[in-house]
Amino acid sequence: MKKTEPLIFELSQAGRGATAQYPAPAESGIPESFRRRRRPPLPEVSELQAVRHYTRLSQLNFGIDTHFYPLGSCTMKYNPRVCNSLAMLPGFLGRHPLAPDATGQGMLGCLFELQEMLRHVTGMAGVSLTPMAGAQGEFAGVAMIRAYHRARGDTARNEIIVPDAAHGTNPATATMCGMKVREIASLPDGDVDLDALDAVLSPATAGIMLTNPSTLGVFERRIVKIAKKVHAAGGLLYYDGANLNAILGKVRPGDMGFDVIHMNLHKTFSTPHGGGGPGSGAVGVGKRLLPYRPVPVVGQDGDHYRWLDERDLPESIGRLSGFMGNTGVLLRAWAYMRILGAAGMRRVAEYSTLNANYLLARLTEAGFDAAYPGRRASHEFIVTLKRMARETGVTAMDFAKRLLDHGYHAPTTYFPLLVPECLLIEPTETETREELDGFVDALAAIRREAASDAATVKTAPHTMPVRRLDDVRAARQLDVAWKPASA
Amino acid sequence: MSDIPDDLRYTKSHEWVRTLPDGTIEIGITDHAQQSLGDLVFVEVPEAGRVLAAGDGCAVVESVKAASDVYSPLGGEVIAGNAQLASQPELINQDPYGQGWILRMKPSGRAADVPLDAAGYAAEIATGS
Amino acid sequence: MPYIPHTAEDVRAMLDRIGVDAIDSLFDEIPPALRVEELAGVPAALTEMEVSRLAAGRADQDGRRLNFIGAGAYEHHIPAPVWALATRGEIYSAYTPYQAEASQGTLQMMYEFQSMIAGLTAMDVSNASLYDGASALAEACLMAVRAHRRSKSARILMPTTVNPVWRRVAGVITEGQELALDTVPYDPARGVIDAAALERFQGQDITAIVIQQPNYFGQLEDAEALTRFARANGALVIAAVNPVSLALLTPPGEWGEGGADIACGDAQPFGVPLSSGGPYVGFMACRMEHVRQMPGRIAGRTVDGDGKNGYTLTLQAREQHIRRGKATSNICTNQGLLMTAATIHLALLGPVGLERVASLCAARTRELVASLTALPGVRAAFTGPRFHEAVLRFERPVAPLLEALAEEGIVGGHDLSRDYPELGHGLLVCATETRTPADIELYARTLARLT
């Protein structure tokens, strides 16, 4: 890979600039007493310098477009280029969010179709597209559960049950919503411990947050029983859609008994991850929660579409964003779903599961330990390197770093926290068999190397722009902003 | 192997307690705890005057990859937090039972009520790991 | 099969290796009663050509209108390199930089963004973005309560000059934490926080005061005096700022004595298209002493094993993947792609270009207000300095007027009658550098014809 690149500030020369971008000078008329004394310390570079700098920075990254990226729980599938091109059509891009609905019928039509498609693939009664990321979708979900209980005068319900394998956002969200978190254990085979569930269910139970397939990469087989128990106790079921890719078109969360679900459009519906965002966390709800959906929601009056707001949904939990959520991301998801169609949705689950089980089979043959042997992989699975770490001192982190040298992005490491020295591997449906084979070969090679030359693995990566970074120094001697020398 | 001084009392959640000559107590986290957390990058200590019940969270220790609450082994009133830890969290790594102390308090109970002695704590971490 | 590369031979060989006879067998752990055989309600597949034609038709239907609305989303020129670069696959299709060595591009851009925001706001540190301005303000309120330990009230003063939607969002997001968001009225003549009303809070336990600058009406608040009031009463200051205006206005870090504690806002005006409301890019900066209470990702500069400079995510122990139920926020992402666009846009404008943009926005808004208030029945609601928005008062309801204007290809402003009924028929208008004198004249002429 390329060498490192200086900071844009280090390229700056006073008096230089991308002057084609400057508008004509004008008198602002802002009174002196309101004005800043010094110009802000922004870089002064030519347009070419800026273009070259950010091109070079991009070349220091791995992306799906450049490398296999089997990051478990993140669904790093191909982001079709056309989805971006269509969302960036000038008619969509130039419209102000507060312009009259009549000027956005094309966009609203796409979003209405998206709402409908998401409703059907999840088996829910209604959808709101407004949450701006998975975590906001979760927030909306728990807030709706809270609103539902309150509206019934059932105000003692302040506990959310979360399995110990859950993603950290689940407990963080529940806490943010003022709920108390009750963690329950998973069984050795990865399923929820029903006895532990029985023990925490009570008149204080507001709901349970579950991912299915779970973050352990296995399908919760007794989900119907769990739903019955939680409902019988007066609680509602929240579905974390992080792993929806595994079951798309094959099983619907609504049919499993879930009352509310968030979908990560940036995972299952292939909108870009963009280096860490934007996400988009549409929520689907069952009948009971329909009135509480976050606004706005797209409504249809005859052949006219309009935003429904607080006036239409007076019991809504309210607004979560300045406008309508991540509209441009929603358009990308719409394009993706229209290209896949009903049959294509099912193929997503089928081929992502095929790829995961194939990888699992090949890695098991190559001597790696499945964390849940005997279980089917869903769209992802966990390999534990505990035995190897004990024998060679080479950890999951070392494996991950050495994989970069082989030209593969690392799987998710050290999550879920339950499984020691784990790699959570999610190949997605868009990878070829050859790519998967190459990945197996790389992991096998690292395993051999760990036995023969552990030092090389433990000091990897060796071919990246930088070697392993000093995270302790980064946290102790915090340097998070460039400052001009004079300041 | 981690260091477990004989003259201290311990909790299952890896705090230690030392009784000082004037009857006040000093609280910190054990050598075993600092080893499993790794290099500490931040410690949040309580302000003097705070009144704690036994089992209350009284401090937070952070490494790069983990954050952990420190629970007060006894109830009482905080006399001082270790201000040096603000700029030198590594003191806990270097000297967990000495310069790495986290807080001093005027306890409402007796240090002898803290559940474990050195042998008990050693047995605890042997089964825990 | 769109985007699925498997040949029939691949499938057969892979199933053999797994030891099952059909793909469906891989779903055998799912109770049969739960499985669906067909997806009703999802249309059949389209080819790329077909979906492109459908989308192009709809985008054309929405067309391109002359826009005079701001109200939290601003139309600025976006330099061509911004999206040409941001949509490079290495940026567009990368994920959160958890493997720092393979993500130095993303991490360095985060560091550059943080540096630019810290510089613009004159604050010590910035995070690498939040969802949008509204949710950033909500997070700032939660952060202030965590950061201000001595204040026990969890009471935040939220003046009515703050964007009403942002206020609502702050209410929704903080609801579970039992914050009190108390309003402070505005001075009806000048459209800024009513200083006399604020005085009534003197001596009370207030956790923080929110100051939006320029405020929702486009008017400039006396941030100096407000910050001094907050300091004198032991309250933190949360600044909600328009980042373009910071080219000209005193930055929050220099307000009053010691500056604001937290600055937040939406960086959408930097390189992010209007796009019917999102995705945008919230930002948040603060004084160093509060950094551990700040939500969101932060990139830090450090060194690698050879002593070479590099970038990594830092202070992660604040975040949900480590702290779980005790995290500063449930947020997992930043707005990476939009943050990238904003960074590139700012690099291209630099201090001089940004100052030109800001000045021209202010000048064009002045011209717009002059042209429209020259018409009978239209007057400015407030006196006093403003940036690039203004409230106009009409003698008749503005909703029908806006519809008629839209028919003529003009998006004439944002109707304030719902959020500020006391203003009568209020209209919030905005002109950025993208509105030419000819555009403004066209608006005035059309309005004259319609009224």
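**View 1. A kink of about 95° is located at C:Gly350 in α11(C), shortly before the proline C:Pro351.** The bend at a residue is the angle between axes fitted to the seven residues ending there and the seven starting there. The model is predicted: local features require pLDDT of at least 70 and side-chain atom pairs count only at pLDDT 80 or more, while totals for chains, interfaces and linings use all residues. Residues are numbered from 1 along each chain as its sequence is written, and chains are lettered from A and ligands numbered from 1 in the order in which they are written.

**View 2. Helix α11 of chain C spans residues 336–373.** Helices are DSSP runs (H or I, at least four residues), numbered from the N terminus. The end C-alpha atoms of this 38-residue helix are only 42 Å apart, whereas a straight helix would reach 56 Å at 1.5 Å a residue; the expected span is 1.5 Å times one less than the number of residues. Of its 38 residues, 34 are buried (20 or more other C-beta atoms within 10 Å of the residue's own, with C-beta atoms placed from the backbone).

**View 3. A:Gly91 lies in helix α3 (residues 90–93) of chain A.** A:Gly91 counts as buried because it has 20 C-beta neighbours inside 10 Å. Leaving aside residues up to four places away in sequence, A:Gly91 touches A:Gly106, C:Ala59, C:Asp60, C:Asp62, C:Gly63 and C:Arg64 (contact: C-beta atoms, placed from the backbone, within 7 Å). The C-alpha atoms of A:Gly91 and A:Gly106 are separated by 8.8 Å, the two residues being 15 residues apart along the chain.

Definitions and conventions
Helix = DSSP H or I, 4+ residues; strand = E, 2+ residues; numbered from the N terminus. Buried ≥ 20, exposed ≤ 12 C-beta atoms within 10 Å, placed from the backbone. Contact = placed C-beta atoms within 7 Å.
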